[in-house]
Structures are given as C-alpha cells and as structure tokens.
Amino acid sequence: MKSSISFGFLLILVLPLILASAQDGKYERAAYHDNYEGAVQKDQDYEGQYQDQEKGPAKYDKNYEKERMPAQNDQHDDQGEEEDYHGPSLEIPTLLDNLPSDDLLSFGYYSKSCPKAESIINKHVTKWVEEDRTLAASLLRLHFHDCAVHGCDGSILLNHEGSERKAEASKSLRGFEVIDAIKAEMEKECPRTVSCADILTAASRDATVLLGGPYWDVPYGRKDGKVSNDKDAELVPMGRENITTLIEFYQSNGLNVLDLVALSGAHTIGRATCGSLQYRLYNYAGTGRQDESLDYRYANFLKRKCRWASEYVDLDATTPRTFDNVYYKNLQDKMGLLHTDQSLYSDSRTSPIVDALADAPSDFFSHQFAVSMTKLGNILVPAVQDGGEIRTKCYSVNSNY
Ligand code: HEM
C-alpha cells in the first residue's frame with residue numbers, strides 16, 4: 001500500500017516534467033555533483049568485485065553490493081518495501097503501440113504444440129549462465145541486434161558469408177552457441193515448431209531474470225527470416241550517434257523516447273570493448289583533449305584500463321554486476337561509458353527521463369525496462385514474417401529439399 005502511494009506520488013512528480021519537456025523542449029537540468037572521489041572509490045570496488053562475482057551466483061550480487069557500498073545502498077533502504085510493486089509505469093500509450101505483433105503473437109502459442117518450450121529454454125540459459133555469467137548480458141544484446149534489423153526474426157543468427165553476423169559491426173556479439181544448444185534439444189522435443197527468433201526472445205528474458213532484472217511474459221509466434229545482409233548490421237547504433245539519430249532509429253521500429261532511455265538501461269550490466277570508446281579519451285573530435293562530457297577521473301581510469309582496443313570495460317562503472325538504476329545515476333555523474341549513454345543526459349528530450357529513472361527506486365526502472373523489452377521483442381516486419389519459416393538450425397535457413 002505504502003509503495004503504491006509513493007509510486008503514485010512519484011508519477012505525479014515526473015510525468016509533468018516529461019510531458020513539459022516533450023512539448024517545448026525546455027528543461028532545467030539537475031545540477032552536476034562532482035563526486036569523483038566517490039567514483040574512484042567505486043572504481044576500486046568494482047575492480048575487486050569483478051573477480052569475486054565472476055565466480056559467484058546471481059544472488060551474491062546484491063548482498064555483495066550492500067556490503068561494499070553501504071552509503072549508496074542506504075539511499076535505497078526502503079527498496080524492500082517496493083519489491084512487490086506492480087503499479088503504473090512511465091509508459092504513455094501511443095498509436096504506435098498497435099504493432100503488427102498484435103495479430104501474429106500470442107501467449108499460448110506453444111501451449112499445445114510444444115508445452116515444454118519455455119522450460120527447455122530456461123534450463124539451457126540457466127546452465128550456460130551458471131558456467132559463464134557474462135553470457136547473460138551478451139544474450140540480451142544479441143536479442144536487441146536481432147530485433148533492430150528486419151524485426152525479431154533471428155536474422156542475426158544466420159552464419160553464412162555476407163550475413164549480419166559476419167559484419168564488422170557484429171564482431172563482439174556473443175551467445176550464439178547458447179541458442180544453437182537450445183535449438184538442438186527443441187528439435188528433438190518438437191521438430192520444426194519453435195522459431196529461433198522466439199528462442200532468442202525468451203532466452204534474453206531469462207538471462208535478464210538471472211541477472212536480477214525483471215520478468216515479463218513473452219508472447220510467441222515469430223517466424224525466422226530467410227534474409228540476412230552484413231550491410232544491415234550497420235543500421236544498429238554503435239555508440240557514436242547523436243540523440244536525434246537514436247530517436248529516429250527507435251521510432252522507425254515503433255519505439256518512443258521513453259523506450260530509448262529505458263532500454264539503454266540494459267547497459268547497467270555487461271561490458272564494452274575498449275575499441276568502442278578509446279576515441280573519447282584522446283583528441284576527441286579533433287579537440288586535442290578527452291570528451292568533455294566525461295568525468296576526468298573516470299576518463300583517467302579508462303585510460304589506464306583501455307590500453308588495448310580488445311580489452312573489456314564495464315558499461316556500468318559503479319555496480320556492473322547488478323541490474324539496477326545506477327546506470328542512470330552514473331549519467332548524472334558524467335560516467336556514461338559510451339557517448340550515446342552520456343548524451344542521454346545532455347539532451348533535453350531524454351535528460352528528464354534519465355533523472356526520473358535515476359531518482360526513483362530501482363524497481364521503477366525494472367518495471368519500465370520490462371515494458372520496453374516487451375515492445376522490443378514485439379517488433380515484427382509483416383513481409384518478413386509472411387515469407388518466414390521455422391528453421392531447424394538457427395545458424396542456417398532450411399534447405400528447400
Ligand atoms: C541506444 C542504442 C544502443 C547503442 C548505441 C548501444 C551500443 C552498445 C555498444 C557499443 C556496446 C559495446 C560493444 C562492444 O564494444 O563490444 C554495447 C553493449 C551492450 N549492449 Fe548496447 N547499445 C544500445 C542499445 C542496447 C539495447 C536496447 C540493449 C538491450 C535491450 C543493449 C544491451 C547491451 C548489452 C547487454 C551490452 C553488453 C554486452 C556484453 O557484455 O556482451 N544495448 N551496446
């Protein structure tokens with residue numbers, strides 16, 4: 001009851017802010033708090049945390065965070081009370097919400113033809129993530145890259161010469177072997193029934209849950225596409241785009257500005273290769289200096305960490321193993337790893353939403369993330385679906401013979 005009231009109150013506070021900003025673009029940004037000392041301390045914390053948590057189970061995460069960063073967690077002491085929150089989200093329905101998926105997808109799609117589909121997917125994802133926790137974030141990203149091109153049609157999984165997967169832009173994508181393993185068992189259980197696109201969608205949901213993120217129901221019935229071109233992989237944003245480009249890209253897929261900000265919150269977990277951000281650290285845009293939108297202590301940390309383009313660095317500098325809203329707090333503190341992350345806080349169309357998600361309890365972000373992930377998973381291109389199939393192997397289209 002108390003949590004419903006506090007969320008209702010919060011909504012009353014943030015909604016006018018967002019609506020006002022959408023209407024006239026005017027918004028007074030929250031003052032930047034230069035807490036770089038804290039940032040450095042957090043850097044040291046998560047360096048050690050990385051090694052420990054790589055070995056530990058998902059649950060270890062939260063306890064560890066609490067132990068290591070009492071001050072930060074104190075702010076969320078009332079979070080336990082919010083955990084059962086199922087109230088309204090920031091989502092404002094638009095005409096675009098009537099996607100083609102409404103006619104094509106349903107929750108009971110496999111209930112007769114393959115009732116074990118979800119449990120097979122969950123079993124494999126759990127096993128793989130237990131063995132290598134970093135795979136969970138990779139699956140989530142793989143799903144985004146699938147849906148961002150021709151809708152969610154498994155096109156990213158195809159492995160022939162000239163496919164999206166073979167493109168330079170896809171070279172750090174991971175998790176393909178998880179989907180192949182699921183598909184192999186699925187074909188034994190119910191041959192030619194469950195699409196690879198559906199498998200990847202459910203796998204990314206399960207991976208999110210294993211990371212401590214929200215659960216959402218996945219509707220099924222996606223078909224696997226037969227076309228995959230490496231050029232199309234370049235359509236997926238890679239981190240250097242401006243906010244207008246990102247908004248347009250999301251809109252072209254039926255997603256709005258709130259979805260853009262909420263889905264970017266996926267960067268609360270996972271890693272980037274240093275090659276994706278080194279350009280921000282030296283002679284940024286020909287200035288001879290680092291990107292000024294980056295906290296200079298954090299930039300120094302990144303310079304030490306990123307000697308090689310192939311090195312990995314956490315997307316969430318503060319709580320990299322926890323699925324929480326600290327990603328947004330980092331943006332307030334000029335600690336967004338990618339240029340696109342940080343830009344969300346320097347553009348008046350997106351910064352009020354960043355503030356809302358950063359300042360509300362973390363469950364608020366989780367809830368909105370689930371709403372936006374459902375929309376992401378429901379992106380379908382009718383022509384692709386009409387000509388689609390159920391692949392027997394996720395890495396190649398069915399042969400015609
Ligand atoms: C605003 C658009 C986005 C941009 C520009 C972007 C960009 C990137 C980049 C550059 C990386 C690091 C790649 C590398 O260096 O290896 C990355 C990683 C990641 N992205 Fe995004 N991304 C966006 C949206 C999304 C969305 C919508 C999701 C999921 C819903 C997502 C999930 C992830 C995850 C989980 C990782 C870490 C992957 C891993 O650890 O293997 N991203 N993203």
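Of the 25 residues around the ligand, those that come nearest are Ser-172, Pro-237, Ala-266, Gly-270 and Ala-272, where a residue is near a molecule if its C-beta atom, placed from the backbone, lies within 6 Å of it. The structure is a predicted model, in which local features need pLDDT of at least 70 and side-chain atom pairs count only at pLDDT 80 or more, whereas totals for chains, interfaces and linings use all residues. Residues are numbered from 1 along each chain as its sequence is written.

Two or more residues of the shell around the ligand are given by each of helix H8 (134–147), helix H13 (257–264) and strand E1 (271–273); helices (H or I, at least four residues) and strands (E, at least two) are DSSP runs, numbered from the N terminus. Helix H8 supplies the largest share of this shell, with six residues. By class, the shell holds 12 nonpolar, 10 polar and three charged residues, with Ala, Val, Leu, Ile, Met, Phe, Trp, Tyr, Cys and Pro counted as nonpolar, Asp, Glu, Lys and Arg as charged, and the others, Gly among them, as polar.

Pro-237, one of the residues that come nearest to the ligand, is also the place of a "binding site" feature in an unreviewed UniProt entry; UniProt positions are given in the numbering used here, feature names are shortened, and annotations may be inferred rather than shown by experiment. Pro-237 lies in the loop between helix H11 (230–233) and helix H12 (243–252). This residue is partly exposed because 18 other C-beta atoms lie within 10 Å; a residue is buried if 20 or more other C-beta atoms lie within 10 Å of its own, exposed if 12 or fewer, and partly exposed in between, with C-beta atoms placed from the backbone. When residues up to four places away in sequence are not counted, Pro-237 touches Leu-246, Phe-249 and Thr-340, two residues being in contact if their C-beta atoms, placed from the backbone, lie within 7 Å.

Over the whole protein chain, the secondary structure comes to 20 helices and two strands, and 45% of the 401 residues count as buried. Of the contacts between residues at least 6 apart in sequence, 79% join residues at least 24 apart. Leu-135, found in helix H8, counts as buried because it has 21 C-beta neighbours inside 10 Å. Residues touched by Leu-135, leaving out those up to four places away in sequence, are Trp-128, Val-129, Arg-174, Gly-175 and Val-178.

Helix H18 (residues 351–359) is largely enclosed by the rest of the structure, because eight of its nine residues are buried, among them Asp-355 and Leu-357.

Two residues other than glycine show a positive phi. Arg-192, with a phi of about 50°, lies in the loop between helix H9 (176–189) and H10, and is partly exposed because 13 other C-beta atoms lie within 10 Å. Ala-285, with a phi near 50°, is placed in the loop between helix H14 (278–281) and helix H15 (296–305), and counts as exposed because it has 11 C-beta neighbours inside 10 Å.
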